[in-house]
Amino acid sequence: QTTLPLTGLQDGENAVIDAQIKGNDTTAGVGCRAAVAFRAKAVVLKELTMTHRYSSATVTTDKLAAAQPAFTFVPGTPFSFRISVSNSDRVKELFIVSTKEGTKKQLPLVWNEPSGCWFGTGFFDEADHSYVPGDLTVEGTDLDGQRFVACPAVSFLFLIDPSGYAYEAVLSNRLEGATATVWYRTPDGLEMPWDAARAGQQNPVVTAADGAFAWDVPEGVWQIRLKKKGYSSAMSEWMEVPPERTNVFIPMESTDSPSVSSLSVYEDHAVVLFNTYMEIDSVTPSTVRFEGYDCTVDPIDKTESIPGSGIFYAKAFRFTPAVPFKGEVEVSFRLDRILTPDGQEKRVSVRSYNGEMLSRSFTLMGTVTTEPVALTAPETLNVAANRRAELAVFSADAAGKTVSVSCDSANVTLSADTLTLDENGSATLTVTGEMPGTATLTFAMDGTLLTARTEVTVTLPERPTVTAGDVDGDGEITSGDARLALRASVKLEDYADGSEQFLAADVDRNGTIESSDARLILRASVKLEDPAQW
């Protein structure tokens, strides 16, 4: 790239430019020729500003080749342009033109005399408001009827969703800790992970408690792939983007065999809770035997895998005896092998949603206890970001019982995911606010149907109420306060940003503690400054 001086040309005259490589025999004679027309009053782009929804970006003539900002594309939302060109008095009509795959679509621009600019708002394709613009040029017709192009192509990066979440067995059972990677398929069929750095994003991402993943990607063909230890890898279908893909729900299957999480026995029924969702028809009085008792079995938390699928799973099952349970009860979880009528051996056991059975037969003992009747937790809890709050969970007659805690959002973190009720039937959970928003905590007592919920609201922390200049908080502004501020300015005192001492010492409110703050405090201590004016 170089700059060539073109002198002595008359208006409308062409200059012919030759470029040639001089090197070895393989490059000898390689070159090209181009004609450049000189126009004394050529229409040339000076500045282009594009706005889409809440985002705006401006490019100028000297920065056309620079990487342009990324826009989140929102179908159905019009584009707005503000364009400045030289020699506008020579323009008959002007357009912003989108070129993609050799096809041009244009949006007309209107001259605005007071601003000296051209404006346009609308869609490049009125029949398709999901059209994503390609390379943009400013083109038009001059007063002589000649077509012109006022600038080289400008390329913006338009980004569109795919988003969704990972789940196990049923949609409501979100999966935390899965590594989600979005892949891109090139026009020639090459598949590769997307480099998200230019768009200010990360790829891959790890799902939080809500199982969610999300990116804004350029137009193209995309796929989301999931990995998690102990689970089979999973992936979405390849998706054309646009349109927006906001409901990409991907199931993952555990590779483990099911196990029993808890057994609770009461006089009139027993509850068996598995560690995962089970095929309902596999949990029967034959595969789970209460020795010495004839029982019927019913799923407690029967849940449809995907709405409309007709496939149901459950984790908890209620066994009802023909006569009341008494004392200690022996429960056998069977893994049997039987011969089918055609002589084939068949394994018979409880089965999880992934088709896995128990790894072996085993027996548990359950003692008849009094069933807790309620589990309570606060309905609401407010906590500030970067602050902690405690809540109490309670259930009478449930000393020693375990309560599982789950959260549907990364807006908070919890001190534990299981709680053990003390001799009074209570336990305390510490909740830390991470970012403003909401979260739902769900408490479930193992071995029972008892649940409780708490809606958590995370707010911005309140700014402490302090008196500017009163660094030591004694209610007076003295030379001692000035000394503390001076020590903080040279790092001999360490006041955390946003703390009461920091806010009191930063009297000029510029976000740092400096010697000038100490000087103002010292002047205020001898009545040469009015702190009310700070």
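Colleague: Why is Thr186 called buried?

Modeller: Its relative accessible area is 13%, and buried means under 20%, exposed over 50% and partly exposed in between (1.4 Å probe, protein chains only). So Thr186 counts as buried. This is a predicted model, in which local features need pLDDT of at least 70 and side-chain atom pairs count only at pLDDT 80 or more, while totals for chains, interfaces and linings use all residues. Residues are numbered from 1 along each chain as its sequence is written, and side-chain values use heavy atoms, with hydrogens and water left out.

Colleague: Where is Thr186 found, and what does its side chain make a polar contact with?

Modeller: Thr186 is in the loop between strand S14 (179-185) and strand S15 (191-193); helices (H or I, at least four residues) and strands (E, at least two) are DSSP runs, numbered from the N terminus. The partner is the side chain of Asp188, at 2.2 Å. A polar contact is a pair of N or O atoms within 3.5 Å; within protein, one must be able to donate a hydrogen and the other to accept it, and residues adjacent in sequence count only if both atoms are side-chain atoms.

Colleague: What about Arg523: buried, exposed or partly exposed?

Modeller: Arg523 has 26% relative accessibility, so it counts as partly exposed. It lies in helix H3 (residues 515-525). Not counting residues up to four places away in sequence, Arg523 touches Leu528 and Glu529, where contact means heavy atoms within 4.5 Å. The side chains of Arg523 and Glu529 are also joined by a polar contact of 3.2 Å.

Colleague: How do you know that Glu101 is exposed?

Modeller: Glu101 comes out at 81% relative accessibility, therefore exposed. Glu101 sits in the loop between S7 and strand S8 (103-112). Its phi is near 55 degrees, a positive value in a residue other than glycine.

Colleague: Which residues in the largest nonpolar core touch the most other members?

Modeller: They are Leu48, Phe81, Ile83, Ile96, Val138 and Phe156, out of 59 residues. A nonpolar core is a set of buried Ala, Val, Leu, Ile, Met, Phe, Trp, Tyr and Cys residues joined through side-chain atoms within 4.5 Å. Strand S6 (residues 79-85) gives the most to this core, with 4 residues. Apart from it lies another core, of 26 residues, among them Val403, Leu419, Leu450 and Ala452.

Colleague: And which residues is Ile83 in contact with?

Modeller: Leaving aside neighbours within four places in sequence, the contacts of Ile83 include Leu45, Leu48, Ile96, Trp118 and Val138.
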